[in-house]
Amino acid sequence: MSTSSSLLPPQIITGKARLAGVLGWPVAHSRSPVLHNYWLRRYGVDGAYVPLPADPESFVAAVLGLQAAGFRGANVTIPHKEAAYKLADVLDETAKRAGAVNTLVFREDGKILGLSTDGGGFVASLEAASLPPQPRTRALLLGAGGAARSVAAALQDKGMQVSITNRTQERAEALAEALPGADVVPWSVWEQQLGDFTLLVNTTSLGMEGGPDPLFCPSLAQATPQLVVADIVYVPRVTPLLASAQKHGLRTVGGLGMLLHQARLGFREWFGVDPQVDDATQEYVLNSF
């Protein structure tokens, strides 16, 4: 199927349209609207998916307002994933283990279902890049927020030993305690300890366009040639961290694959179609950058 916007069917939006969106702060960088509206057009679904900026103080009111307005649900991105976990009435097993939610489904019985698809989406992105998690090897995660929880749990499920580092030591320790088997590396020394790891994952918004530190680029001098460097940030496509890794000759995985793979479950729940994550989908989203 061609990815040209002019060759896709027109989007269908009637009075019966199914509605969903993405809640975040900030949210202008998100490519989720591009992805979901592409799928809506591709599969001829009557619906729309929109960006929903909500600051932390307004998050609960925003979710309840969307539910009252007839939305089918929403994705949740930084910094709301742990708040979404607390708000949900029902949690799937992955969300319970991760302690975070990135997908909300408003059920017909009035309950809010919370799902965690970040970890599975991240692992799928590694596998799609032919760099699957290797059992009995070590992964170092930068960050201790909702995305880190999901990614850490998914990597543990694949047999990896997970270490957490975070600027706030207490948050790293809390996450390690919540995930038996995980340990903590102090933020001040993780760059010097890179030689102990085969996978480095930035799960924070550091390096994100418009984020708190868009130039985030730690030293990778101590990395071994076997290190794989992954970043869940996808705007820009090549973050400073990934660019540095490539200069060191290291294999890299950007955040776009995780975005595509984690989105399938939400789309299926809200719009009733299981979309394909294929070359056409990736090309279309890439052309939106």
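The model is a predicted one, where local features need pLDDT of at least 70, side-chain atom pairs count only at pLDDT 80 or more, and totals for chains, interfaces and linings use all residues. Residues are numbered from 1 along each chain as its sequence is written, and side-chain values use heavy atoms, with hydrogens and water left out. Helices (H or I, at least four residues) and strands (E, at least two) are DSSP runs, numbered from the N terminus.

**The cavity**

- Searching the whole structure turns up one cavity of 30 Å³ or more; a cavity is a set of points on a 1 Å grid over the protein atoms alone where a 1.4 Å probe fits but cannot get out, and its lining residues have an atom within 4 Å of a point.
- The largest cavity holds about 330 Å³, a volume being the space filled by probe spheres set on the points, which are joined across faces, edges and corners.
- Its lining has 24 residues, with T77, K81, I232, Y234 and L259 nearest the centre.
- Two or more lining residues come from each of β3 (73–76) and α9 (256–271), and α9 gives the largest share, three residues.

**The nonpolar cores**

- A nonpolar core is a set of buried Ala, Val, Leu, Ile, Met, Phe, Trp, Tyr and Cys residues joined through side-chain atoms within 4.5 Å, where buried means under 20% relative accessible area (1.4 Å probe, protein chains only).
- The largest core has 29 residues, and F122, L141, L155, I164, L199 and V201 have the most contacts inside it.
- Helix α6 supplies the largest share of this core, seven residues.
- Beyond its neighbours within four places in sequence, V201 is in contact (heavy atoms within 4.5 Å) with F122, L140, L141, L142, V151, A230 and I232.
- A second, separate core of 25 residues includes V27, L115, L256 and L260.

**Helix α5**

- Eight of the eleven residues of α5 are buried, among them G121, F122 and V123.
- These buried residues pack against α3 (81–87), α6, β10, β11, β12 (251–253) and α9.
- Just after α5, S130 takes a positive phi of about 60°.

**A buried threonine**

- T103 sits in strand β5 (residues 103–106), and T103 counts as buried because its relative accessibility is 0%.
- Not counting residues up to four places away in sequence, T103 touches A74, N75, L113, G114, L115, T117, G266 and W270.

Terms used:
On a 1 Å grid over the protein atoms alone, a cavity is a set of points where a 1.4 Å probe fits but cannot get out, and a pocket is an open set with protein on both sides within 12 Å along at least five of seven lines; lining residues have an atom within 4 Å of a point. Buried means under 20% relative accessible area, exposed over 50%, partly exposed in between (1.4 Å probe, protein chains only).
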